[in-house]
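Me: Could we go through this structure together? I would like to begin with its charged side chains and then turn to the ligand.

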Amino acid sequence: MKILVTGGAGFIGGNFIACALRENRADEIVCMDKLTYAGNMHTLSGALKDPRFRFYRGDIACKKDVEEVFRKESPDAVINFAAESHVDRSIAHPSVFLKTNVSGVGVLLDACRKYGNVRFHQVSTDEVYGDLPLGGKGDAFTEDSPLRPSSPYSASKASADLLALAYSRTYGLPVTLSRCSNNYGPFQFPEKLIPLALTHILRGEPVPVYGTGENVRDWLFAEDHCAAIRLILQKGEPGRVYNVGGRCERSNLEVVRALISAVGKGEYTFVADRPGHDLRYAIDPSFAESLGWAPKVPFEEGLQRTVAWYLSHEEWWKGILDGSYRAYNKEFYGSKR
Ligand SMILES: NC(=O)c1ccc[n+]([C@@H]2O[C@H](COP(=O)([O-])OP(=O)(O)OC[C@H]3O[C@@H](n4cnc5c(N)ncnc54)[C@H](O)[C@@H]3O)[C@@H](O)[C@H]2O)c1
């Protein structure tokens, strides 16, 4: 099987490619990525040495870029990880979220139709459901929960979900969706909570925590998310949505304290809250579990593995903080590898 992975130079896509090649899960992987600030070719350094892997720099919102890859590669399946993914950036600059996260998905869906009804999997988020009150129990979101996105980011992801499901219903395109909770693990850009906290702790700076740190997220190790996506691609029912989560709710403050304890040093400071900050996410992953999936990495183990990775890959995250990764990315502009 040849899989086109869009957004593979980012966090979860990069983990997906590394796992798929390591576990011989795909005959060939083609990655297409625009290399925005969130894309990092160092993340793909292992894959680039593998003859089963090819990289194209391209924009999912550009029909010409997308069709060129489809024509040259004829993928059997597309997994779309490409997105603008940071809520704070969506509050500051919403328009690029509409272009990539909505129009980009439309361009991919059209290409899947045009080039032979290609199997399409959209990687979505639990944030499309909005938030839940703090302190609730047994009220996790199911696939039938209403969509109530709070931020421009989550609204753009919800829009893409509806578009993908409409292509399934109207054109019979074989589409599946996964809506996952917060991921963590190696290769995560240090603007998201866990790598942000870790890189502050490792540089001896206090970790900024929004509000009072009481907001609750459900956490899943990225490799477990990738395993769920692979299974949905193989066994998922077209036209269906699968919630994916770790059944692992933690407040932001609990997460930061656990990181400080794992590193053995560090402190935090409270900062002004994010506007419209979602209080709590909780997801019911029973439907994905019915396919035979379950998270394998408990939170404490995943956190230890993540801390160990950031400790042993200083050059990766320091290259982001000092901006030098952008120069390396430029070597891949305009070329196919
Ligand atoms: N990180 C999480 O906790 C989480 C949780 C649930 C769902 N998701 C979803 O998973 C997907 C991947 O998230 P992530 O955390 O790896 O994101 P990320 O920001 O780390 O990576 C996104 C990647 O997409 C690329 N990209 C951006 N715009 C593009 C465009 N127009 N064309 C081609 N490539 C483009 C970037 O260069 C980058 O490599 C996203 O769709 C996100 O909504 C993320």
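Me: How exposed is Arg247?

Reply: This is a predicted model. In it, Arg247 has a relative accessibility of 53%. Arg247 is therefore exposed, as the cut-off for that class is over 50%.

Me: Which residue does Arg247 form a salt bridge with?

Reply: The partner is Glu289, and the closest N and O atoms of the pair are 2.8 Å apart. Arg247 sits in the loop between strand 10 (241-244) and strand 11 (249-251), while Glu289 belongs to helix 10 (residues 286-289). Glu289 is partly exposed, with a relative accessible area of 26%.

Me: And Arg280, is that one buried or exposed?

Reply: Arg280 is buried, at 2% relative accessibility. Arg280 forms a salt bridge with Glu249, with 2.7 Å between the closest N and O atoms. This pair also connects distant parts of the chain: Arg280 is in the loop between strand 12 (268-271) and helix 10, and Glu249 is in strand 11, 31 residues apart. Glu249 is partly exposed, at 35%.

Me: Why can such side chains pair at all?

Reply: Side chains of opposite charge can pair when their charged atoms come close.

Me: What about Glu67, which residue is its partner?

Reply: Glu67 forms a salt bridge with Lys114, and their closest N and O atoms are 3.1 Å apart. Glu67 lies in helix 3 (residues 63-73) and Lys114 in helix 5 (residues 95-114), 47 residues apart. Glu67 is buried at 11%, whereas Lys114 is exposed at 52%.

Me: How many salt bridges are there by this rule?

Reply: The count comes to 21. Lys2, Glu28, Arg54 and Glu73 are linked in a network of salt bridges.

Me: Now the ligand. How many residues surround it?

Reply: The ligand is surrounded by 28 residues, and the closest are Ile12, Asp33, Ser85, Tyr153 and Lys157. By class, the shell has twelve nonpolar, twelve polar and four charged residues.

Me: Which element gives the largest share of that shell?

Reply: Strand 5 does, with three residues. Helix 1 (11-22), strand 5 (119-125), helix 6 (152-171) and strand 7 (182-184) each supply at least two.

Me: Which backbone atoms lie by the oxygen atoms of the ligand?

Reply: A polar backbone atom of Gly10 is 2.9 Å from a ligand oxygen, and one of Thr36 is 3.1 Å from a ligand oxygen. For a backbone N or O atom of Gly39, the distance to an oxygen of the ligand is 3.5 Å. The protein covers 97% of the 840 Å² of accessible area that the ligand has on its own.

Note on methods: Residues numbered from 1 in each chain as written. Predicted model: local features only at pLDDT ≥ 70, side-chain atom pairs only at ≥ 80, totals over all residues. Heavy atoms only, no water. Salt bridge = Lys/Arg side-chain N within 4 Å of Asp/Glu carboxyl O. Helix = DSSP H or I, 4+ residues; strand = E, 2+ residues; numbered from the N terminus. Buried < 20%, exposed > 50% of the residue type's maximum accessible area, 1.4 Å probe, protein only. Near = heavy atom within 4 Å. Polar contact = N/O pair within 3.5 Å; in protein donor to acceptor, adjacent residues only side chain to side chain. Areas by Shrake-Rupley, 256 points an atom, 1.4 Å probe, with all protein chains shown as cover. Nonpolar A, V, L, I, M, F, W, Y, C, P; charged D, E, K, R; others polar.
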